Amino acid sequence: MKESLVLKNRLREARRARGLSQTQLAEMVGVSRNTISSIETGQFSPTAKLALVICIALDKKFEDLFSF
């Protein structure tokens, strides 16, 4: 995969700004804490649906949280 096509994110910063733990955000969006951790560290790219649900939970636009 080309480096330019790697999905980067600002999830950790947005989550912390809202005062949420990984566990709290995971419960809000219906995934495990490990999934949130893996997304934050770039080990896992969320599906489009999960990315949208995370954006809604954090009241952020997609482009505020994710970029290539």
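Visitor: Where is the place of D59?

Guide: This is a predicted model. D59 is found in the loop between α4 and α5 (62-65).

Visitor: Why is D59 called exposed?

Guide: A residue counts as exposed when its relative accessible area is over 50%. D59 has 63% relative accessibility, and therefore it counts as exposed.

Visitor: What makes the phi of D59 worth a remark?

Guide: Most residues other than glycine have a negative phi. The phi of D59 is near 55°, a positive value, and D59 is not a glycine. A positive phi is also found at G42, which follows α3; there the value is near 80°.

Visitor: Why is S45 called partly exposed?

Guide: The term applies between the two cut-offs, under 20% for buried and over 50% for exposed. S45 has a relative accessible area of 43%, so S45 is partly exposed. This residue lies in the loop between α3 and α4. Its C-alpha atom is separated by 9.5 Å from that of T35, and the two residues are 10 apart along the chain.

Visitor: How do you know that A48 counts as exposed?

Guide: The cut-off for exposed is over 50%. A48 stands at 67% relative accessibility, and so A48 counts as exposed. A48 lies in helix α4. Between the C-alpha atoms of A48 and K8 the separation is 14 Å, for residues 40 apart along the chain.

Visitor: Which residues of α3 are buried?

Guide: They are I36, S37, S38, I39 and E40. The elements that cover them include β1 (8-9), α1, α2, α4 and β2 (66-67).

Visitor: How many residues does the largest nonpolar core have, and which have the most contacts inside it?

Guide: This core has 17 residues, and I54 and L58 have the most contacts inside it. At least two residues of the core come from each of α1 (11-17), α2 (22-29), α3 (33-40) and α4 (48-58). The element that gives the most is α4, with six residues. In soluble globular proteins, nonpolar side chains tend to be buried together.

Visitor: What does L58 touch, if residues up to four places away in sequence are not counted?

Guide: L58 touches L11, A14, R15, R18, L20, L25 and L65.

Visitor: How do you know that the radius of gyration of the chain agrees with that of a compact globule?

Guide: For 68 residues, a compact globule would have a radius of gyration near 11 Å. The chain has 11 Å, and therefore the two agree. Along its principal axes, the C-alpha trace spans about 35 × 20 × 20 Å.

Visitor: In what order do the elements of the chain run?

Guide: The chain has five helices and two strands. From the N terminus on, the order is β-α-α-α-α-α-β. Among contacts with a separation of 6 or more, 56% are between residues 24 or more positions apart.

Visitor: What can be said of burial, surface and charge in the chain as a whole?

Guide: Of the 68 residues, 34% count as buried. The chain exposes about 4500 Å², and carbon and sulfur atoms supply 52% of this area. There are 11 positive and 7 negative side chains, and the centres of these two sets lie 2 Å apart.

Note on methods:
Residues numbered from 1 in each chain as written. Predicted model: local features only at pLDDT ≥ 70, side-chain atom pairs only at ≥ 80, totals over all residues. Heavy atoms only, no water. Helix = DSSP H or I, 4+ residues; strand = E, 2+ residues; numbered from the N terminus. Rg over C-alpha atoms; globule rule 2.2 N^0.38 Å. Buried < 20%, exposed > 50% of the residue type's maximum accessible area, 1.4 Å probe, protein only. Contact = heavy atoms within 4.5 Å. Areas by Shrake-Rupley, 256 points an atom, 1.4 Å probe, with all protein chains shown as cover. Lys, Arg positive; Asp, Glu negative; His and termini not counted. Charge placed at Lys NZ, Arg CZ, Asp CG, Glu CD. Core = buried A, V, L, I, M, F, W, Y, C linked by side-chain atoms within 4.5 Å.
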